[in-house]
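Please open the model in your viewer and follow the stops below in order. Each stop names a selection and then describes what is found there.

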Amino acid sequence: MLRYAAGMAVIAGLLCSPASAQTPAQGKGADKDKEAARAAQGYTPVRLWERPDVRAIRVELKPMANRAIHQHDDVKFHLFIPLTGKLQVTIGSDKPVDAPVGQAFYIKGGTPHGFRNLGSTPGSAIEIFVMNGASAASLDALGALVAGLQTAPPQP
């Protein structure tokens, strides 16, 4: 239970970052095109934390929005953790599965994946990316977080 609480505290800390640090991911040229495509899909990424080893974003999905199948070749892996809404995730060639709030989904770098909000209300999720070349300490810390989340589900 302590590990679960610690893991949730880390996620809560990411969510409660100052609003000024929570700006949509932006760029120039091709990045602007990506932003427009994402907006058309009803998907908005909000950068929460950026470090050389680890990046965290909150994704916001409009009702019935779909984040098209895509992949990240610059990461070892990333976690997709639903926060709100009725989300569904597709990983690799597997069929789409329901993504309950709080369930962490592991996605290896380079694996095609996508997600969507099946509900009539907005949905959101946290994505935590571990970059290629991440240090062993970063991987150990993230591993402890995930282990805590998976071994001690919340009590009613």
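**Stop one: a helix and its end**

Begin by selecting Gly-42, which follows helix α2 and has a positive phi, near 85°. Helices (H or I, at least four residues) and strands (E, at least two) are DSSP runs, numbered from the N terminus. This is a predicted model, in which local features need pLDDT of at least 70 and side-chain atom pairs count only at pLDDT 80 or more, while totals for chains, interfaces and linings use all residues. Residues are numbered from 1 along each chain as its sequence is written, and side-chain values use heavy atoms, with hydrogens and water left out.

Now extend the selection to α2 itself, residues 30-41.

**Stop two: the open sheet**

Next, select β4, β9, β6 and β7, which form an open sheet in that order with antiparallel pairing. β4 (66-70) and β7 (97-99) are the edge strands; each has a single partner, so one side of each lacks a neighbour in the sheet. On average, neighbouring strands here are turned by 25° against each other, direction ignored (axes are lines fitted to C-alpha atoms).

Strands count as paired if DSSP finds at least two bridges between them. Between β6 (residues 87-91) and β9 (residues 113-117) there are five bridges, in the antiparallel sense. Display Ile-91, which stands opposite His-113 in β9, and then Leu-87, which stands opposite Asn-117. β4 pairs with β9 over three bridges, also antiparallel, and His-70 stands opposite His-113.

How many of the five residues of β9 are buried? Four are, so β9 is largely enclosed by the rest of the structure. Buried means under 20% relative accessible area, exposed over 50%, and partly exposed in between (1.4 Å probe, protein chains only).

**Stop three: Lys-76**

Move to Lys-76 in strand β5 (residues 75-84). Lys-76 is partly exposed, at a relative accessible area of 33%.

**Stop four: aromatic rings**

Finally, select Tyr-43, Phe-80, Phe-105 and Phe-115, which form one aromatic cluster. The structure holds four aromatic pairs (ring centres of Phe, Tyr or the six-membered ring of Trp within 6.5 Å).

Definitions and conventions:
The expected span of a helix is 1.5 Å times one less than its number of residues. Rings of Phe, Tyr and Trp (its six-membered ring) pair if their centres lie within 6.5 Å; planes under 30 degrees apart count as stacked, over 60 as edge-to-face and the rest as tilted. Axes are lines fitted to C-alpha atoms, for helices over the stretch in contact, and angles run from 0 to 180 degrees between N-to-C directions.
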